[in-house]
Amino acid sequence: MKKKIGISIAALLAVIVVALVLAGNYFYNQAVKRGTEVVLHTESTSINALASEEDQQHLQAAKDWFSKQEREVVDFETKEGIEVKAQFIAQEQPQGKGVILAHGFRNTGEDMGKLAKFYYDQGFDVLLPDSRGHGESGGDYIGFGWHDRLDYKRWIDFLTYYGDKQIILHGNSMGAAAVLMTSGEELPDNVKGIIADSSYSSVKEELAHQLKHIYNLPAFPLLNVTSMVTKIRAGYTFEEASVVDQVKKNTRPLLIIHGDADDLVPTKMAQQIYDAAGGEKELWIVTDAGHTKAYDNITMEYEEHVQNFLEEILAE
């Protein structure tokens, strides 16, 4: 009798293990694997629902300007052998300033093009990378900013070699997380400040949020198993990919931006990042803005706020 019970328990455990492994691989394919079409928990507010006509025209003019620019394609190979590419718009007359614009989850550098004119008009060379697993860059997985932080160090080196003595990092969503993770690394003195719009506090917390709202499932044990699968298939865990842990080591001025109507990345994560961050820091919570929608809703006010931040940190 005891033997039969033991066999039944062992069989049940085996079934549970197999089910968890299958589930872990499924959620890996949904969240981490390159090129998978996924559904995210998002807000219903349309992109320009709150934008004035003047802001909409200003934003459209910025997009039109970007679409007409000639862009040099630059690249490098990571230590894992992944070719990472970026588009580069250089000033006609070098002014010694450069910005790296970091895009969000399953987007590309093109999506940050709407900010390119603003920075170019301020005298910045503009670099728009495609992160690993996105766009023209190689890689069969998405790093959620963790491995990308090391790639951004290489892009900083590129701008440094190009002659830029003042460098800004500006990211949206996953790109915001990437530049904040980069802030915890040893960086050259010419990195003067970091702007992060709509960053999550950690990959684990963000995926737990998505898991709850899309599938109505608890984080444990699914995320733990998926994290182990990610370690095997992509070389990192959700636990180590933490913005909060990285910004504790930050020494650069930070401008943290978040909408108070962000349902994709909860606004409370911005406060967590701000509270943990070292160095000079500012938290700007934008009223009625959804995920990365602050710039679309109040384009000119957004640019003015960022310009004031730049003037303050670059004057030091």
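P221 is located in the loop between α6 and α7 (222-234), where helices (H or I, at least four residues) and strands (E, at least two) are DSSP runs numbered from the N terminus. A cis peptide bond, with omega of about 5°, connects F220 to P221. Most peptide bonds are trans, and most residues other than glycine have a negative phi. The structure is a predicted model, in which local features need pLDDT of at least 70 and side-chain atom pairs count only at pLDDT 80 or more, while totals for chains, interfaces and linings use all residues. Residues are numbered from 1 along each chain as its sequence is written, and side-chain values use heavy atoms, with hydrogens and water left out.

The chain contains 11 helices and 8 strands. Of its 316 residues, 52% are buried; buried denotes under 20% relative accessible area, exposed over 50%, and partly exposed the range in between (1.4 Å probe, protein chains only). The chain exposes about 14500 Å², of which carbon and sulfur atoms supply 52%. Among contacts in the chain with a separation of 6 or more, 77% involve residues 24 or more positions apart, a contact being defined by heavy atoms within 4.5 Å.

Positive phi values in residues other than glycine occur at D288, near 65°, and at T292, near 55°. D288 is placed in the loop between β8 (281-286) and α10 (294-297), and T292 is likewise found in the loop between β8 and α10. D288 is partly exposed because its relative accessibility is 44%, whereas T292, at 14%, counts as buried.

Two packed helices are described by the angle between their axes and the distance between the axes. Helix α4 (residues 148-162) packs against helix α5 (residues 174-183) at an angle of about 75°, the axes being 8 Å apart. Axes are lines fitted to C-alpha atoms, for helices over the stretch in contact, and angles run from 0 to 180 degrees between N-to-C directions. The two helices α4 and α5 are therefore roughly perpendicular, since angles under 35 degrees count as roughly parallel, over 145 as roughly antiparallel, 65 to 115 as roughly perpendicular and the rest as oblique. On the α4 side, D148, R149, Y152, K153 and I156 make contact with A178, M181 and T182 of α5.

R132 occupies the loop between β4 (124-129) and α4. With a relative accessibility of 3%, R132 is classed as buried. Leaving aside residues up to four places away in sequence, R132 touches T78, E80, I82, V84, G138, Y141, I142, H147, D148 and D151. The C-alpha atoms of R132 and G143 are separated by 6.9 Å, with the two residues 11 residues apart along the chain.

The structure holds 8 salt bridges, each defined as a side-chain nitrogen of Lys or Arg within 4 Å of a carboxyl oxygen of Asp or Glu. One of them joins the side chains of R71 and E110 (2.6 Å, N to O). This pair links distant parts of the chain, 39 residues apart: R71 lies in the loop between α2 (53-67) and β1 (72-77), and E110 in the loop between β3 (97-102) and α3 (116-121). Both partners count as partly exposed, R71 at 23% relative accessibility and E110 at 39%.

A further salt bridge connects R132 with D151, the closest N and O atoms being 2.7 Å apart. D151 belongs to helix α4 and R132 to the loop between β4 and α4, so this pair ties together parts that are 19 residues apart in sequence. D151 and R132 are both buried. The side chains of K204 and E239 also meet in a salt bridge (3.7 Å, N to O). Because K204 lies in helix α6 and E239 in the loop between α7 and α8 (243-247), the pair ties together parts that are 35 residues apart in sequence. E239 is partly exposed at 36% relative accessibility, as is K204 at 28%. Salt bridges with shared partners also join E80, R132 and D151 into one network.

On the surface, Y26, I214, Y215 and L217 form a nonpolar patch with about 310 Å² of accessible area together. Patches are made of residues with over 30% relative accessible area and no salt bridge; like charges are joined within 9 Å and nonpolar side chains (Val, Leu, Ile, Met, Phe, Trp, Tyr) within 5 Å.

Technical notes:
Accessible areas come from the Shrake-Rupley method with a 1.4 Å probe; for residues, only the protein chains shown count as cover.
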